[in-house]
Amino acid sequence: MSSATSADVLARRNQLLLNDDVDGFADLFAPDGVIEFAFHGPQGGTPVRLEGREAIREYSRQFMASPLRLENLEVAELYQTQDPEVVIAETLTKATITTTGRSFTVTSIQIFRIRDGQIVLFRDFADPRIAEDLLGEPHTGS
């Protein structure tokens, strides 16, 4: 059993992502860990769900090879729920598209289930219209 708190795990996640450490990031997940992107889907190239540490590792490698460069990840607020494994994070992500030089900031709500120092479930609720705006694509929904 790990003594790492949820805040410790999320701070480590942020550090690993900012350092482009795909393997370290994937290793934060339980072997059967899951990532869900609530507002994304295959039409934008982002899967709705990644199941298992190795699927997370592979997707993360593809993501890190993209022209998107993370500059800062900040957990602005962290809320503990009645379930000691579940936390809700308000996050701010600053990034740049290297091919265009355009910078942006995304605010999202992220829900985590963290058990024994490993992420079992990570649900990301970020506005997909940010990417559409950066790519100059029209909004298809409200």
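Q: What makes Phe 25 and Phe 29 buried or exposed?
A: Both Phe 25 and Phe 29 are buried, a term that means under 20% relative accessible area, whereas exposed means over 50% and partly exposed lies in between (1.4 Å probe, protein chains only). The model is a predicted one, in which local features need pLDDT of at least 70 and side-chain atom pairs count only at pLDDT 80 or more, while totals for chains, interfaces and linings use all residues. Residues are numbered from 1 along each chain as its sequence is written, and side-chain values use heavy atoms, with hydrogens and water left out.

Q: Why is the aromatic pair of Phe 25 and Phe 29 called edge-to-face?
A: Rings of Phe, Tyr and Trp (its six-membered ring) pair if their centres lie within 6.5 Å, and planes under 30 degrees apart count as stacked, over 60 as edge-to-face and the rest as tilted. Phe 25 and Phe 29 lie 5.3 Å centre to centre with 75 degrees between the planes, so the pair is edge-to-face.

Q: What makes Phe 112 and Phe 122 an aromatic pair, and of which kind?
A: Their centres are 4.7 Å apart and the angle between the planes is 0 degrees, so the pair counts as stacked. Both Phe 112 and Phe 122 are buried.

Q: How do you know that Arg 13 lies over the face of Phe 122?
A: The rule asks that NZ of Lys or CZ of Arg be within 6 Å of the ring centre and within 35 degrees of the ring normal. Arg 13 is placed over the face of Phe 122, at 5.5 Å from the ring centre.
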